[in-house]
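Please read this briefing alongside the sequence and the 3D view. The notes that follow are grouped by topic.

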Amino acid sequence: MMDRGLPEEEVLGLIQEMRDKDFRYDRLFSTMCTIPHPIAIRAHDIFVETNLGDPGLFPGVAEVEYRVVRMLGEMLGCPDAVGYVSTGGTESNIQAIRSARNASAIRDGNIVVPESAHFSFDKIGDLLRLEVRKARLDRNLKVDLGSVEELVDDRTVAMVGIAGSTEFGQVDPLPGLAEIALDRGCRLHVDAAFGGFVLPFLKADWRWDFRVEGVTTITVDPHKMGMSTIPAGGLLFRSLQDMKTLETETHYLTVAKQASLTGTRSGAAAAATYAVMMHMGMDGYRKLVGQCMDLTRRLVARAREIGVEPVIEPVLNVVALKVDDPAGVRAALMERDWHVSTTRSPRALRMIIMPHITAENIDLLIRDLDQVLRSAGAGA
Ligand SMILES: Cc1ncc(COP(=O)(O)O)c(C=O)c1O
């Protein structure tokens, strides 16, 4: 740090210079985040100095968080669910598995996750010293129930199902997983970090949330399809007892115990989430998700017009396209200022149709994809 500070305008100029290096959202097909709703940004600003980690000093924002959890619980089929606003999917997944581990008497145990699980589960294995067993996927990239049954044993502290996989947007057969979990006396965590704000608003009624008996915890991220500000994650528990397994004593704060992973916590992101959920309502999210799904279908139709097929028929607003050399195609598209990503298995080009994506940009991206594939074909 410099000895003497700079004038405000100069600092803001420096900040803007760096901000200008960031890519614009409308060219980003690779991210599960989006531009927050304007009301979320306003609420974020109002609560910017609040700390959910010390709720006795900030009872206002503590009430906001309580209301957010209640709305999320209603949305996910359990109005009495308890939980908290976390920093995102990774923290929620860590905490869900930690609570399952703490609730069981098992030490040196394992968790059984689908091969499609987000990499946060590898971090969890390392942090909590649990073996992470990966179950095979079926042809449609859903977890194979037979493979799960083979991997679960008496040292399994939790099974995991995914409602909206990161790479393909696929939904695991949660009722089948729940049957296994109930039969084996095992907790079942659902990672709906992405799908949690999509599935409740689709026309088809997927059975994946707390309405499925046996589901014990759910991760759901307002900072993805919820249109809230970063960092807004959500972790819900069906039972208060499970959440209590996370508590530690907090001798110098206004509350005696704390269940969250981080101590100081952003009240701003919770307020942003409250504001956007109250403002949008179920109907607003239905429209938003409907638009994203229409655009998803448009992208697939345009891709087919140039002879490119999706790996699976999209379930959510995630598309994986079969192309030769996805990494090379991705790099070529980046040169044209399009940002897409790739999947691991099968290897494909991955695109998320978030609320910032327009029909026009889908058409332009596919036009460029066509040119890139043609020039690669010509060069081969
Ligand atoms: C299914 C799923 N779980 C967890 C995460 C991790 O969320 P975060 O990046 O907010 O920690 C992601 C991120 O994309 C995800 O798609």
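**Salt bridges, sheets and surface patches**

Arg344 is partly exposed, with a relative accessible area of 48%, where buried means under 20%, exposed means over 50%, and partly exposed lies in between (1.4 Å probe, protein chains only). This is a predicted model, in which local features need pLDDT of at least 70 and side-chain atom pairs count only at pLDDT 80 or more, while totals for chains, interfaces and linings use all residues. Residues are numbered from 1 along each chain as its sequence is written, and side-chain values use heavy atoms, with hydrogens and water left out. Helices (H or I, at least four residues) and strands (E, at least two) are DSSP runs, numbered from the N terminus.

**Salt bridges**

- Across the whole structure, 26 salt bridges are found, each being a side-chain nitrogen of Lys or Arg within 4 Å of a carboxyl oxygen of Asp or Glu.
- Arg344 takes part in a salt bridge with Glu167, and their closest N and O atoms are 2.6 Å apart. Because Glu167 lies in the loop between strand E4 (156-162) and H7, and Arg344 in the loop between E11 and E12, this pair ties together parts that are 177 residues apart in sequence. Glu167 itself is buried, at a relative accessible area of 13%.
- Asp368 and Arg336 form a further salt bridge, with 3.4 Å between the closest N and O atoms. Asp368 belongs to helix H11 (residues 359-379) and Arg336 to the loop between helix H10 (326-335) and E11, so the pair ties together parts that are 32 residues apart in sequence. Asp368 is buried at 5% relative accessible area, whereas Arg336 is partly exposed at 33%.

**Strand pairing**

- An open sheet is formed by three strands in the order E10-E12-E11, with antiparallel pairing; two strands pair if DSSP finds at least two bridges between them. Strand E10 (318-321) and strand E11 (341-342) stand at the edges with a single partner strand each, so one side of each is left without a neighbour in the sheet.
- E10 is joined to strand E12 (residues 349-352) by four bridges, and Val319 has Met351 as its bridge partner in E12.
- Strand E1 (residues 82-86) has four of its five residues buried, and E1 pairs with strand E7 (residues 233-237) in the antiparallel sense over five bridges. Ser86 has Gly233 as its bridge partner in E7.

**Surface patches**

- Met2, Leu6, Val11, Leu12, Leu14, Ile15 and Met18 make a nonpolar surface patch of about 610 Å². Patches are made of residues with over 30% relative accessible area and no salt bridge, joining like charges within 9 Å and nonpolar side chains (Val, Leu, Ile, Met, Phe, Trp, Tyr) within 5 Å. Leu14, in helix H1 (residues 8-19), is partly exposed at 40%.
- Glu149, Glu150, Glu179 and Asp183 form a negative surface patch, to which helix H6 (145-151) and helix H7 (174-184) each supply at least two residues. Asp183 lies in helix H7 and is exposed, with a relative accessible area of 62%.

Technical notes. Areas by Shrake-Rupley, 256 points an atom, 1.4 Å probe, with all protein chains shown as cover. Lys, Arg positive; Asp, Glu negative; His and termini not counted. Charge placed at Lys NZ, Arg CZ, Asp CG, Glu CD.
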